[in-house]
Structure formats: structure tokens, C-alpha cells
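Colleague: I am new to reading protein models. Could you walk me through this one, please?

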Amino acid sequence: MGHAQQAKNDSPLHEQCTTILSSNQNENFVEIEKEKTIALINAWEENEKAKAQTKAYKELCSIEAWENNMKTSLELDLKKMEENSEVEKAEYSKRFKKKIPEIEKIAEAKREKIEKLKEQKSINLKKMSEKLSANPNAYPPKTKTCGCF
């Protein structure tokens, strides 16, 4: 049996079959290697796409967080400004309320001064009228119409 096997292995037909089988195996091996390479390339591509999507998602989240922080910061600034505005408004209101009596006092003093001037003018006119009534030739009173005559 061992000799018969040896004879089969040495025959040209066996050699041809072995070559065909071996070339088929090589083709299968090459095909399998090609498929394996393509599968690795596809897996790499999917992995890179996933990495790019993850990176983009992280950047979008970062931008959204920045935007939210900026909005919150602006809202806090606005609230501070409103509070400061209310405080300033209250201070101005206090100042205004303190100034009102001062203004009223000044206005009253001016009114009194005008009343005194009015009374004095009235007294002066009464005196002038009495003088003119006492001496009818003195009418019209000699008043200067121009400073030089």
C-alpha cells in the first residue's frame, strides 16, 4: 500500500492534479486574503467614520455649552444692571424727594420777594399819586424816557 501510494504520487497525472489543486488553493487563499483585506478596510473606514462623528458631536456639545454659558452670563449681567438701575432709581428718588422741599422753600422766598416788591411799588405809586393830587400842575410826572435826556 505504501508503494502504490508512492506510485500515485509520482505519476504525471497526480502532479497535474496537485498543481491544479494547489493553484486552486492559492486562488482561494488569495481570494480569502483579498476578502479579509477588504473587510479590514471596511472596518477601518467604519471606525474612522465613528471617530469623526464622535469628534463632531463633542465639538457641537462644546459649542452648545459655550453658548449656554454666554447666555447665562449675559442674563446675570442684565439682572445686575437691572438691580443697579433699581438702586440708582431709588437713590435718585430719595435725592429728588429731598430737593423738593428745598425748591419749594426757594420758590416761596422768591414769591415773598416779589410780593414785597409789589407792595413797595404800590406804596410808591400811592405816594406819587398823592403828590400829583396835591399839585395838579405836576402831571404828567417827569420821567426820563432816555438815559441821556
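Modeller: Gladly; we will go from the overall fold to some pairs of side chains.

Modeller: This is a predicted model, where local features need pLDDT of at least 70, side-chain atom pairs count only at pLDDT 80 or more, and totals for chains, interfaces and linings use all residues. Residues are numbered from 1 along each chain as its sequence is written, and side-chain values use heavy atoms, with hydrogens and water left out.

Colleague: How many helices and strands are there in the protein?

Modeller: Helices (H or I, at least four residues) and strands (E, at least two) are DSSP runs, numbered from the N terminus. Here the protein has 2 helices and 0 strands.

Colleague: What percentage of the residues count as buried?

Modeller: Buried means under 20% relative accessible area, exposed means over 50%, and partly exposed is in between (1.4 Å probe, protein chains only). In this protein, 1% of the 149 residues count as buried.

Colleague: What is the accessible surface of the protein?

Modeller: Accessible areas come from the Shrake-Rupley method with a 1.4 Å probe; for residues, only the protein chains shown count as cover. The total is about 14700 Å², and 59% of that belongs to carbon and sulfur atoms.

Colleague: How many salt bridges does the structure hold?

Modeller: A salt bridge is a side-chain nitrogen of Lys or Arg within 4 Å of a carboxyl oxygen of Asp or Glu. The structure holds 4 salt bridges. One of them joins Lys51 to Glu48, at 3.6 Å from N to O.

Colleague: Where do Lys51 and Glu48 sit in helix H2?

Modeller: Helix H2 covers residues 12-134, and Lys51 and Glu48 are 3 residues apart in it, which means about one helical turn. Lys51 is partly exposed at 48% relative accessibility, and Glu48 is partly exposed at 31%.

Colleague: Which residue forms a salt bridge with Lys71?

Modeller: The partner is Glu67, with the closest N and O atoms 3.4 Å apart. Lys71 and Glu67 are 4 residues apart in helix H2, again about one helical turn. Lys71 has 46% relative accessibility and Glu67 has 35%, so each counts as partly exposed.
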